[in-house]
Amino acid sequence: MKAWQKNIRSITPYVPGEQPKIKDVIKLNTNENPYPPAPEVIKASAEFDTNSLRLYPDPDATVLVEELSKFYERPADNFFVGVGSDDVISIAFQTFFNSGKKIFFPDITYSFYSVWADMYRVPYECKKLDSDFKMVKEDYYEENGGVIFPNPNAPTGVLESLEEIEDILEHNQDVIVIVDEAYIDFGGESAVSLLDKYENLLVVQTFSKARSMAGMRIGYAIGNDELINAMKAVKFAINSYTMNQSSLAVGASVIANKAYFEETIKKITDTRERAKERFKKLGFVFPDSRANFIFVTHEKYQAKDIFEYLKTKNIFVRYFNTPGIDNYLRVTIGTDEEMDKFFDVLEEFIKV
Ligand SMILES: *Cc1c(COP(=O)(O)O)cnc(C)c1O
């Protein structure tokens, strides 16, 4: 090994779901929304002044923050925006998890948490979910350096109630508790309502799932101004201009259209409930999902075999080759038409 090679940072990266290059695939592997974003996107994109690209974007992301502030009826200084919630959570790790004590998160969860912890050298401990994939709240009562979990959880889709979250907050008032609500709009109660009661709570949401804008990369955190200001300082210590001009303009344009947002969510959750019935009929077992995906297993068929078979038919679902969940598939809810095709192929597989 050369001397300089010894100083290269080695890290096991997060592995995102595949983005197939071929056309005509049914893509149920990365929890994207099958419907287009709100129509305001077309107008805001057409009106976008390309000459303004000469200039750096607004480092405070004011237009976007103001729309979020109106939507949530909370002061603008309660919002931090970033390049997807991945960017936001990454900044939060660097801002809040500096005690040297272990942070806690569930053992089956968003696999990025352990990657950030490794990247920023934050010690951590994974707490086992119970046999129903629920968090065991007592496990989070021990002294720790912070807590983070998604609600609903990924990849399970399991929702924790607001009472359970409040119990975790009650027992963790000396550290920052982050609730990652990437999927909350598909059927959960947001912890935003607890923000005024718990100054150590940070809620993170995204435009990538319910708002159909994964490609735009917009995420945000909601918390009290002290937490938000601390995150802003860390951001300005790394890169002042994370949000590009078109993301700011286009992102801001969609927020006020609640009707479209709710209509899209309703379509997806209706399809999800129908998908649950079809999975049941085929003998699949799954925890009840409140997200835009279902985490399924079958006692007779290997998840990996189903995954491979679907792929030969250009249908992509997510398979995790991770101990404990390696006989599960996470299937994103697509349109009714996509789900019909998916179930046809699944039935075909089960017959042969
Ligand atoms: C999708 C997802 C995110 C990140 O989404 P962004 O596209 O970066 O906003 C964060 N947390 C969980 C649990 C997710 O599934």
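What is the volume of the largest pocket? The views below are close-ups of a predicted model.

**View 1. The largest pocket in the predicted model.** The largest pocket has a volume of about 1,200 Å³. It is lined by 49 residues, and those closest to its centre are Y14, V15, Y110, S111 and R318. The lining of the largest pocket divides by class into 25 nonpolar, 14 polar and 10 charged residues. Strand 11 gives the most to this lining, with four residues. Several other elements also take part: helix 3, strand 3 (103-106), helix 4 (112-119), strand 4 (124-127) and helix 9 (303-312) each supply at least two residues, as does strand 11 (315-319). What takes up space here? The ligand does: the space it takes is the largest pocket.

**View 2. The shell around the ligand.** Twelve names make up this close-up: G84, S85, D86, Y110, P150, D180, A182, Y183, T206, S208, K209 and R217 surround the ligand. By class, the shell holds four nonpolar, four polar and four charged residues. Which helix gives the most to the shell? Helix 3 does, and its share is three residues. This helix spans residues 84-96. Y110 belongs to the shell around the ligand, and Y110 is also among the residues closest to the centre of the largest pocket.

View 3. S85 uses its backbone, where an N or O atom lies 2.6 Å from an oxygen atom of the ligand. Y183 uses its side chain, with an N or O atom 2.5 Å from a ligand oxygen. K209 also brings a side-chain N or O atom, and here the distance to an oxygen atom of the ligand is 3.1 Å. How much of the ligand does the protein bury? Taken alone, the ligand exposes 380 Å², and the protein buries 93% of that.

**View 4. The largest cavity.** Rolling a probe the size of a water molecule over the atoms shows where empty space is left. A search of the whole structure finds two cavities of 30 Å³ or more. The largest cavity has a volume of about 70 Å³. Its lining is made of P36, P37, A38, A210, R211, S212, V254, N257, Y260, F261 and T264. Seven of the lining residues are nonpolar, three are polar and one is charged. Which helix gives the most to this lining? Helix 8 (residues 258-281) does, with three residues.

View 5. Most residues other than glycine have a negative phi, and most peptide bonds are trans. Where does P152 lie? P152 is in the loop between strand 5 (146-150) and helix 5 (162-170). P155 lies in the loop between strand 5 and helix 5 too.

**View 6. A positive phi at N31.** N31 is not a glycine, yet its phi is positive, at about 60°. Where does N31 lie? N31 is in the loop between strand 1 and helix 1. Strand 1 covers residues 26-28, and helix 1 covers 40-46.

Technical notes: Residues are numbered from 1 along each chain as its sequence is written. This is a predicted model: local features need pLDDT of at least 70, side-chain atom pairs count only at pLDDT 80 or more; totals for chains, interfaces and linings use all residues. Side-chain values use heavy atoms; hydrogens and water are left out. A residue is near a molecule or strand if one of its heavy atoms lies within 4 Å of it. A polar contact is a pair of N or O atoms within 3.5 Å; within protein, one must be able to donate a hydrogen and the other to accept it, and residues adjacent in sequence count only if both atoms are side-chain atoms. Accessible areas come from the Shrake-Rupley method with a 1.4 Å probe; for residues, only the protein chains shown count as cover. On a 1 Å grid over the protein atoms alone, a cavity is a set of points where a 1.4 Å probe fits but cannot get out, and a pocket is an open set with protein on both sides within 12 Å along at least five of seven lines; lining residues have an atom within 4 Å of a point. A molecule sits in a cavity or pocket if more than half of its atoms lie within 2 Å of its grid points. Ala, Val, Leu, Ile, Met, Phe, Trp, Tyr, Cys and Pro count as nonpolar, Asp, Glu, Lys and Arg as charged, and the others, Gly among them, as polar. Grid points are joined across faces, edges and corners, and a volume is the space filled by probe spheres set on the points.
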